[in-house]
Amino acid sequence: NPSDSVTEYADLICQSTNQQFVFIETFIQLIKDEDEISKKRLKAQNIKLSDILSLVGDQVAQKLASKQIELVTVIEVEEVCIKMEKDLLIRVLVNLIDNAIKFSFPSSEIKVRIHLEKGELVFEVSDSGIGFDPKYKEELFRKFTNRGRLGTANEPSTGIGLYLCKKIVEKYHGKLTAESEGANKGATFSIFLNMN
């Protein structure tokens with residue numbers, strides 16, 4: 001029959017150990033993902049964007065439903081030829097929408113807009129959630145950033161999702177940006193890809 005203080009310390013040790021396991025697993029996954037990205041070849045292919053968004057929607061449907069968030073999609077260009085693997089494009093979009101869900105308030109809306117701008121294909125993921133301080137926007141893309149925060153339903157952050165998204169997009173000579181007007185004013189993450 002251990003005392004309350006011993007039980008409390010034992011619980012803290014277990015929590016700390018579990019956190020370390022999560023950190024190690026996250027780090028191993030990061031190394032695997034970076035290796036996978038580096039092996040992908042640049043090959044132009046036609047992509048039907050409505051099909052891509054349908055697959056993305058399937059992957060985020062449960063999280064959207066859990067917070068009663070509506071995903072609104074606006075596709076202004078139907079089919080494009082780009083040098084980006086479909087599976088990696090889907091991974092980036094799912095990650096950006098997951099982030100938007102995490103930092104959005106329940107019963108709100110997330111908008112995905114796909115359009116052409118100055119010869120580039122642009123994907124915009126916008127929400128009206130907690131936003132961020134604009135002066136720290138570059139730090140959001142750093143590996144294991146200390147700018148990671150809990151979501152509006154206390155969802156945890158690994159600190160590598162946006163870093164990997166940026167790596168993937170830049171691998172295909174694209175650009176990933178983040179914009180927000182400040183706290184509780186939402187955020188917009190945009191992918192810019194060259195057209196072929």
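Axes here are lines fitted to C-alpha atoms, for helices over the stretch in contact, and angles run from 0 to 180 degrees between N-to-C directions. Helices (H or I, at least four residues) and strands (E, at least two) are DSSP runs, numbered from the N terminus. The model is predicted, with local features needing pLDDT of at least 70 and side-chain atom pairs counting only at pLDDT 80 or more, while totals for chains, interfaces and linings use all residues. Residues are numbered from 1 along each chain as its sequence is written, and side-chain values use heavy atoms, with hydrogens and water left out.

With these terms in hand, we can turn to a helix pair. Helix H2 (residues 49-66) packs against helix H3 (residues 86-102) at an angle of about 35°, and their axes lie 9 Å apart. On the H2 side, the contact (heavy atoms within 4.5 Å) is made by Ile52, Leu53, Leu55, Val56, Gln59, Val60, Lys63 and Leu64. H3 contributes Lys86, Leu89, Ile90, Leu93, Val94, Ile97, Asp98 and Ile101.

Two loop residues also deserve a look. In the loop between H2 and strand S2 (70-75) sits Gln68, a residue other than glycine whose phi is positive, near 55°. Gln68 counts as exposed (over 50% relative accessible area, with a 1.4 Å probe and protein chains only; buried is under 20% and partly exposed lies in between) because its relative accessibility is 58%. Asn184 likewise has a positive phi, near 60°, and is found in the loop between strand S6 (175-179) and strand S7 (187-194). With a relative accessible area of 53%, Asn184 is exposed. Most residues other than glycine have a negative phi.
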